[in-house]
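Try each task yourself before you read the solution.

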Amino acid sequence: MLPIGRFTHFISENHLFTPADRVLATVSGGMDSVLLAHLLKAAGYQFGVAHCNFQLRGDEANADQAFVKNLADELAVPFHDINFDTTQYAAERKISIQMAARELRYQWFSQISQHFGYDVIALAHHQNDAIETILLNLTRGTGIAGMHGILSKNGHIVRPLLFLKRDEIDNIIRKNDIPYREDSSNASAKYARNKIRLEVIPKLKELNPALEETFERNLQHFSELEMLLQKRLDELRKTLFISKGDDIYINIDTLKKLQPQKLLLYGLLQDYDFNESTVEDIISSLDKHSGRVFTSPAYTLVLDRKDLILSPKQDEPLPVTIEPGNHEVHFGNYRLGILHDDSPLIIRDNPMAASVDADLLIYPLTLRSWQQSDYFYPLGMKTKKKLSDFFIGFKVPLNGKKQVPLLINGNGDMIWVGGYRPDNRYKVSAKTKKVTIFELTKL
């Protein structure tokens, strides 16, 4: 007899799906996934079967595919299958076969689910899979999130068999005489997960025969710990993260007072893909001079004078050449309009525009980013000033320096620090006959 009552109770208790939902059951043909399909049918759920042939085991894989199709026909449910060239996919992306297979199947499951209107994707993981995942995570290094093992629900992914142990599944399959396919690769210790299953867990069970029950309690404790940590992180984000446009400012003095500092900062930055070693580097730099830059795949974190500034990665804008006939050019997130006027018009109190003496311009002009040696003569001053010092005076954050448009004359002089101040050497004077007006617009 199938454990239908326990099955439906686990689904209901963990809010995995409802009788009205359509379930996509992922079935390899192995014992676990075949039992999942039979339980879904016996419990009266609406479901379809999805099978991936990764073309890694020749005739054996093709036989698995045919078996699962026959199972779907026997259960009178929709069947979806696909053949992958897993080896080629792995080679093209320079990843392992296991990672390639994982990426391919999850991408396809999602596509099938959306195309055919399935509400959830059901995987056949059980309690022993959760134990293997924890041990694997511990071996590779993990935080609290890696200690809860496999979640029963994660978005649209559900795992309705997590109430069962492997031995229980073996007994159910045997007592109900349910046919299934045996994957020969499961018996090989070549892969890390298999090595844990075949060699490590049996030794642990010699020390603790009730290993599954112990881990089940531990999983609950770790899950509750993660909830507690997540609540603390949510509270910190509300007080620590100050949004200014696309940037997030994190006060350094407040950050120094956090305890435990490394755990909390790693949790705060994890969503931005900063790894543990980078977080350690950030912490060791908090008492040092500003200017350090830390990067993740999509973000930049700059150690400024009082804050850490977290920003989406922006490429440094490429230099733009301006010819005499140009009326508009683009630089990064700015549009520069250019107007030639015969009257000596002076623009005041608008940092986004500058009027300069047209006769002093040497074309082609250049619009570019800040460089370390840059200097200019700020309007109203007769002495030069390093642009880096000028930026400090205006509290331009370190991550913003490269985004400021600088208008450069053909002789190398700076004409205008866009958005801030023109150069005194190019101001409109009583001798000016023609004026060129430059106006920046933020896109």
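The exercises below concern a predicted model, and each comes with a worked solution.

**Exercise 1. Find out which residues touch the most other members of the largest nonpolar core, and which elements supply it.**

Step 1: start with the core itself. It holds 38 residues, and Phe7, Phe17, Leu35, Leu40 and Phe47 touch the most other members.

Step 2: trace the suppliers. At least two residues come from each of α1 (4-13), β1 (22-26), α2 (31-42), β2 (46-53), α3 (59-75), β4 (120-122) and α7 (166-175). Helix α2 gives the most, with 7 residues.

Step 3: zoom in on Phe17. Leaving out residues up to four places away in sequence, Phe17 touches Ile11, Val23, Leu40, Tyr45, Val120, Val158 and Pro160.

Step 4: look beyond this core. Another one of 24 residues lies apart from it, with Ile250, Leu268, Leu286 and Leu303 among its members. The general background: nonpolar side chains tend to be buried together in soluble globular proteins.

**Exercise 2. Work out how many residues of α2 are buried, and what covers them.**

Step 1: check the geometry. α2 has 12 residues and reaches 16 Å from its first C-alpha to its last, close to the 16 Å expected at 1.5 Å a residue.

Step 2: apply the cut-off, where buried means under 20% relative accessible area. By that test, 9 of the 12 residues in α2 are buried, so the helix is mostly covered.

Step 3: list them. The buried residues of α2 are Met31, Ser33, Val34, Leu35, Leu36, Ala37, His38, Leu39 and Leu40.

Step 4: find the cover. It includes α1, β1, β2, α3, β4 and α7.

Step 5: look past the end of the helix. Glycine 44 follows α2 and has a positive phi, near 85°.

**Exercise 3. Is glutamine 127 buried or exposed?**

Step 1: locate the residue. Glutamine 127 sits in helix α6 (residues 127-140).

Step 2: compare numbers. Glutamine 127 counts as buried because its relative accessible area is 10%, and the cut-off is under 20%.

Step 3: see who's around. Not counting residues up to four places away in sequence, glutamine 127 touches Leu161, Leu162, Phe163, Leu164, Lys165, Glu212 and Glu216.

Step 4: The glutamine 127 side chain reaches the backbone oxygen of phenylalanine 163 at 3.3 Å.

**Exercise 4. Determine which strands pair with β11, and in what sense.**

Step 1: take strand β8 (residues 247-251). It pairs with β11 in the antiparallel sense over 4 bridges, and asparagine 251 has aspartate 307 as its bridge partner.

Step 2: take strand β10 (residues 299-303). It runs antiparallel to β11, joined by 5 bridges, with leucine 301 partnered to leucine 310. β10 and β11 form a hairpin with 3 residues between them.

Step 3: check burial. Strand β11 (residues 307-312) is mostly covered, with 5 of its 6 residues buried.

**Exercise 5. Identify which glycines take a positive phi in the hairpins of β20.**

Step 1: pair β20 with β19. Strands β19 (residues 406-408) and β20 (residues 414-417) are antiparallel over 3 bridges, and leucine 406 stands opposite valine 417.

Step 2: inspect that hairpin. There are 5 residues between the strands, and glycine 412 has a positive phi near 95°.

Step 3: move on to β21 (residues 421-422). It runs antiparallel to β20, with 2 bridges, and tryptophan 416 is partnered by proline 422.

Step 4: inspect the hairpin of β20 and β21. It has 3 residues between the strands, and glycine 419 has a positive phi near 85°.

Conventions:
Residues are numbered from 1 along each chain as its sequence is written. This is a predicted model: local features need pLDDT of at least 70, side-chain atom pairs count only at pLDDT 80 or more; totals for chains, interfaces and linings use all residues. Side-chain values use heavy atoms; hydrogens and water are left out. A nonpolar core is a set of buried Ala, Val, Leu, Ile, Met, Phe, Trp, Tyr and Cys residues joined through side-chain atoms within 4.5 Å. Buried means under 20% relative accessible area, exposed over 50%, partly exposed in between (1.4 Å probe, protein chains only). Contact means heavy atoms within 4.5 Å. A polar contact is a pair of N or O atoms within 3.5 Å; within protein, one must be able to donate a hydrogen and the other to accept it, and residues adjacent in sequence count only if both atoms are side-chain atoms. Two strands pair if DSSP finds at least two bridges between them. The expected span of a helix is 1.5 Å times one less than its number of residues.
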